[in-house]
Amino acid sequence: MTTYNPPEAEIVTRSFTENGCEVTSIIYDPADAQLTMYGTVTRHGVLVGSYYCADPANQRDWRIVTADGHDLTVDGTPVRPFDEGAAVIVLTTILTARDSFEVEQRLREAMRPPQ
């Protein structure tokens with residue numbers, strides 16, 4: 001029996017600040033493929049939410065999870081950002097609003113198709 005040993009791949013974390021929030025992402029194989037596996041966003045040390053890629057090989061089908069552990073939804077529809085950058089924008093700008101009404105308004109505006 002032949003054992004398959006895939007090549008070693010590095011996993012690193014990258015952190016940066018966006019809109020007063022600390023964003024940390026976990027990157028698989030940064031020297032080659034640079035696949036983001038997931039990331040977290042905190043503000044003043046408190047978790048805002050996290051994001052992950054449900055299709056990491058193709059880097060699409062992104063998901064956002066709120067600090068309370070639920071998928072982010074608007075009117076019962078899951079919010080599905082088109083890439084990592086969009087997920088970070090949602091977490092660092094929209095979910096840091098003052099109250100839930102403002103969050104919902106910002107999400108509806110962000111999801112509205114361009115006219």
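Student: What makes the link between the side chains of Thr24 and Ser15 a polar contact?

Tutor: The two side chains are joined at 3.1 Å. A polar contact is a pair of N or O atoms within 3.5 Å; within protein, one must be able to donate a hydrogen and the other to accept it, and residues adjacent in sequence count only if both atoms are side-chain atoms. The 3.1 Å of Thr24 and Ser15 is therefore within the limit. This is a predicted model, where local features need pLDDT of at least 70, side-chain atom pairs count only at pLDDT 80 or more, and totals for chains, interfaces and linings use all residues. Residues are numbered from 1 along each chain as its sequence is written, and side-chain values use heavy atoms, with hydrogens and water left out.

Student: Why is Thr24 called partly exposed?

Tutor: Its relative accessibility is 22%. Buried means under 20% relative accessible area, exposed over 50%, and partly exposed in between (1.4 Å probe, protein chains only), so Thr24 counts as partly exposed.

Student: Why is Thr92 called buried?

Tutor: Thr92 has a relative accessible area of 1%, so it is buried. A polar atom of its side chain lies 2.8 Å from the backbone oxygen of Val88.

Student: What makes Arg60 and Asp55 a salt bridge?

Tutor: Their side chains meet at 3.3 Å, N to O. A salt bridge is a side-chain nitrogen of Lys or Arg within 4 Å of a carboxyl oxygen of Asp or Glu, so the pair Arg60 and Asp55 qualifies.

Student: How many salt bridges does a search of the whole structure find?

Tutor: The search finds two. Asp61 and Arg63 also meet in a salt bridge, at 2.8 Å, N to O. Asp61, at 35%, counts as partly exposed, whereas Arg63, at 18%, counts as buried.
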